[in-house]
Amino acid sequence: MCLMPIRFRAAPCVFTAPRAVKIGMIGSAEAARHLADTLPDGLPIVLDPVLKSSSGGTLMSLDSLTPLLRRVTLLTPNLEESARLSGLALMPRNTENQCISTQEPPQDDLVLFRRQAQIIQAKGVAAVLIKGGHADGDC
């Protein structure tokens, strides 16, 4: 086996302040408070809240996110997260526990999603984009 020497060339380093930040999983309420307190004012913040692990364990409580929510420009919860953050139920299901939606969400679902977003926005979030991740079928 032939190992070729690695050569590094110094590249000019230019520091550019971030124009926005995206935050995913936050490990603790303390970390959420720290982010809320230290991120610069006016910096757009996108928060993709991770409230529950893929194995089902709770990672963050809703109260833990409250200080940071007031600083968030865009919140991008999935269906379950938007239900937990708003306190409103997940989308309606039929008796077989299947999503009622087929191609597009029925009008009732859209009303529910809008209401969830309004409740979340009332907590101080500028905008909410509810993602369809974790939905069954075409919901």
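Contact here means heavy atoms within 4.5 Å. Helices (H or I, at least four residues) and strands (E, at least two) are DSSP runs, numbered from the N terminus.

The model is predicted: local features need pLDDT of at least 70, side-chain atom pairs count only at pLDDT 80 or more, and totals for chains, interfaces and linings use all residues. Residues are numbered from 1 along each chain as its sequence is written, and side-chain values use heavy atoms, without hydrogens and water.

Helix α2 spans residues 62–69, and its buried residues are Ser 64, Leu 65, Leu 68 and Leu 69. They sit on the same side of α2, because their arc around the axis is only 135°. The arc is taken from the directions from the helix axis to the C-beta atoms.

The axes of α1 and α2 come within 8 Å and cross at roughly 5°. So α1 is roughly parallel to α2 (angles under 35 degrees). Axes are lines fitted to C-alpha atoms over the stretch in contact, with angles from 0 to 180 degrees between N-to-C directions.

| Helix | Residues in the α1–α2 contact |
|---|---|
| α1 | Ala 29, Ala 32, Arg 33, Leu 35, Ala 36 |
| α2 | Ser 64, Pro 67, Leu 68 |

Asn 78 lies in the loop between β3 (74–75) and α3 (79–86). Asn 78 is buried, at 9% relative accessible area. A polar atom of its side chain lies 3.1 Å from the backbone nitrogen of Glu 80.

Methods. Buried < 20%, exposed > 50% of the residue type's maximum accessible area, 1.4 Å probe, protein only. Polar contact = N/O pair within 3.5 Å; in protein donor to acceptor, adjacent residues only side chain to side chain. Parallel < 35°, antiparallel > 145°, perpendicular 65-115°, else oblique.
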